[in-house]
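Here are my notes for your first look at this structure. Keep the sequence and the 3D view open as you read.

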2 protein chains.
Amino acid sequence: MAEILLPLPDPAATGMAHQAEHFPEGLMLDCGVQLAPISIAYRTYGNLSAGRDNAVLICHALTGDQYVAETHPVTGKPGWWEDVIGPGRVIDTEKFFVICANVLGGCMGSTGPKARRRDGVCWGPDFPPLTIRDMVRAQAMLIGRLGIAKLFAVLGGSMGGMQVLEWAATFPDRVVAAVPIAAAAYHSAQNIAFHEVGRQAILADPAFHAGRYADHGVVPARGLSVARMAAHITYLSADALTRKFGRRRQEGAEEEMFEVESYLRHQGSSFVRRFDANSYVAITRAMDAFDLAAEHDGQLGQAFRHTRVKFCVVSFTSDWLFPTLHSREIVRALNAAAADVSFVEITSDKGHDAFLLDEPAFHATLAGFLAGAWDRR
Amino acid sequence: MAEILLPLPDPAATGMAHQAEHFPEGLMLDCGVQLAPISIAYRTYGNLSAGRDNAVLICHALTGDQYVAETHPVTGKPGWWEDVIGPGRVIDTEKFFVICANVLGGCMGSTGPKARRRDGVCWGPDFPPLTIRDMVRAQAMLIGRLGIAKLFAVLGGSMGGMQVLEWAATFPDRVVAAVPIAAAAYHSAQNIAFHEVGRQAILADPAFHAGRYADHGVVPARGLSVARMAAHITYLSADALTRKFGRRRQEGAEEEMFEVESYLRHQGSSFVRRFDANSYVAITRAMDAFDLAAEHDGQLGQAFRHTRVKFCVVSFTSDWLFPTLHSREIVRALNAAAADVSFVEITSDKGHDAFLLDEPAFHATLAGFLAGAWDRR
């Protein structure tokens with residue numbers, strides 16, 4: 001098999017400090033555990049206006065992080081939404097103060113399974129079960145600390161879109177505009193199934209040591225790599241895979257294989273350098289548990305009752321992980337709540353990952369909606 | 001994690017004999033290796049007519065086997081196509097002589113990685129690379145041994161459908177009617193990608209021992225189980241998963257989980273009791289390599305030039321692993337070759353596995369086509 005490279009040193013472990021705010025009082029989680037203290041790592045771009053009214057919060061997806069519009073300190077790659085965020089870009093950092101925080105449960109400086117409890121022991125697999133709402137409450141604490149009473153906009157794709165919905169439902173008076181992209185108000189059975197395959201791959205790796213791998217000085221690199229490979233397929237459309245790779249064979253490899261195989265192996269092995277297996281388990285479980293209607297007596301519309309938030313719901317035609325159907329369910333609930341909502345389905349053959357890629361019609365949609373919401377704020 | 005149960009004793013290893021024909025001369029494989037000797041395990045149902053003109057060959061899918069219309073000797077479950085094959089059924093064993101053989105490379109009695117080479121060593125991971133055409137040539141040897149010059153029909157779904165296409169292309173004078181179901185003339189990039197995830201899960205299992213697990217008295221149960229779980233999701237539609245499981249929680253489990261998680265774990269752990277990991281790797285590689293057009297100068301139509309075989313191509317609307325698009329490509333090539341072809345897309349929300357399930361419109365299609373082909377033979 002392809003050699004799974006050992007992870008690079010963890011920047012946190014090697015003393016690299018992520019910018020973070022610390023909250024000694026912690027946060028009462030939905031599961032009933034008071035998680036304290038907590039730290040929320042974040043990055044900002046642009047300047048907060050004197051009126052403190054130009055803040056835009058970006059919520060990242062499962063394996064994203066706060067390095068949204070700058071070179072990533074571990075991978076050295078561009079920020080995951082640099083196409084969208086920057087001076088003169090769709091989310092113009094000369095106009096907006098952009099904030100992106102690593103989610104609670106994450107592994108890039110926010111409190112998660114890698115963090116130590118008060119007694120000095122790593123949380124590891126005993127990190128309490130998280131919800132998307134917990135992540136959002138932690139972000140709200142950060143926003144408060146930054147002195148922002150109300151966000152102009154909250155945007156995010158995939159799990160980021162779940163957070164956007166939760167922001168609008170939980171803090172309707174603290175958000176002007178909300179843009180859930182390639183998202184859903186609950187995780188489907190198929191999505192749970194794919195996550196479970198990934199978790200089982202991690203748990204099956206003997207290096208996982210029931211989540212106590214740090215005590216053994218190892219990481220479950222092979223299991224995490226397989227989990228990433230399985231997930232990665234779901235982020236792309238069948239057409240995108242055909243266009244990128246078709247049935248071409250890898251040239252010059254020692255072992256004969258298809259290009260798509262080589263690509264997936266690379267995706268897997270590079271992922272393990274930057275992500276923590278316990279975080280992967282915790283965050284996928286939070287996504288699986290997400291069901292916004294269930295938090296509101298089974299009525300999704302109740303989540304948005306009397307809301308004054310302006311919504312723009314975006315989906316992509318070839319996204320089979322969070323298909324347009326799921327966005328339509330959100331729109332239907334918003335309409336039932338008489339909310340201010342636009343819905344745009346972008347024609348794209350790039351699959352779920354389209355929200356991260358260069359999709360001019362999508363970017364034009366974001367720009368147009370934000371400009372309109374700004375004028376009507 | 002859920003306990004992965006140890007596999008039951010392998011019936012072959014414990015002396016259970018599968019009905020088989022033996023060919024000391026072996027078979028020259030597409031890779032250039034003379035594989036000798038070979039055995040082909042098979043089952044038959046019904047009686048061969050005096051005119052030897054009523055033989056129907058059933059080709060099984062990746063993890064299927066020859067026990068198509070009787071209780072499976074390992075699992076104790078009904079044959080995988082008992083709904084279709086039997087007295088008075090769609091493929092009526094009072095009229096037809098039905099044959100089903102375990103594919104070359106398989107693990108239910110046909111020569112595969114579990115078999116021993118002439119020097120007494122298990123083939124294991126060194127089993128030569130197989131093609132779908134190799135499997136079909138081995139079946140043709142069996143059919144010859146059974147004294148059948150021409151099959152009335154060849155039918156199969158998924159990888160079985162690939163074999164049906166290869167039968168028609170390689171032995172056009174030995175087949176009256178061909179029914180490729182939920183199949184394709186080549187494996188797509190997405191399909192290769194899913195197979196690669198499964199293989200990497202197997203290879204990542206330390207019990208795999210680079211394929212020499214038998215020498216260590218173990219089986220890579222966890223890796224094979226994860227491979228099965230990932231594959232199983234692709235056999236069902238998102239709608240079918242929602243209908244079967246939705247977001248229901250498992251009742252009474254020690255560990256809180258969704259029903260779909262519990263179901264997948266069961267699929268994984270029960271699979272390892274009956275299947276060999278090296279076979280899984282070898283057969284998935286054969287499927288990935290399948291590209292019928294490439295065998296005919298890149299022209300799929302050339303594969304069927306001047307054919308007199310009567311075709312019935314069947315697809316299912318919700319099959320995203322072998323979507324209707326791929327069946328249409330087969331039909332287009334058959335039309336270009338002026339072949340006798342019917343094409344039926346069955347409306348079903350059951351996904352790829354629909355061909356194994358109770359789908360009345362599908363069964364009516366098979367019955368109607370076979371009756372017509374019989375009358376026109």
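1. Start with F311(A). Its bridge partner in β12(A) is V341(A). Strand β11 (residues 310-316) of chain A and β12(A) run parallel, joined by 7 bridges. Two strands pair if DSSP finds at least two bridges between them. Helices (H or I, at least four residues) and strands (E, at least two) are DSSP runs, numbered from the N terminus.

2. This is a predicted model: local features need pLDDT of at least 70, side-chain atom pairs need 80 or more, and totals for chains, interfaces and linings use all residues. Residues are numbered from 1 along each chain as its sequence is written, while chains are lettered from A and ligands numbered from 1 in the order written.

3. In chain A, 8 strands form an open, mixed sheet, in the order β1-β4-β8-β5-β9-β10-β11-β12. β1 (20-23) and β12 (340-346) each have a single partner strand, so one side of each lacks a neighbour in the sheet.

4. Now the two chains. 34 residues of chain B are in contact with 34 residues of chain A (C-beta atoms, placed from the backbone, within 7 Å). α3(B) gives the largest share of chain B's side, 11 residues.

5. Helix α4 (residues 221-235) of chain A packs on helix α3 (residues 189-204) of chain B at about 170 degrees, axes 10 Å apart. Axes are lines fitted to C-alpha atoms over the stretch in contact, and angles run from 0 to 180 degrees between N-to-C directions. α4(A) and α3(B) are therefore roughly antiparallel (over 145 degrees).

Terms used: Parallel < 35°, antiparallel > 145°, perpendicular 65-115°, else oblique. Contact = placed C-beta atoms within 7 Å.
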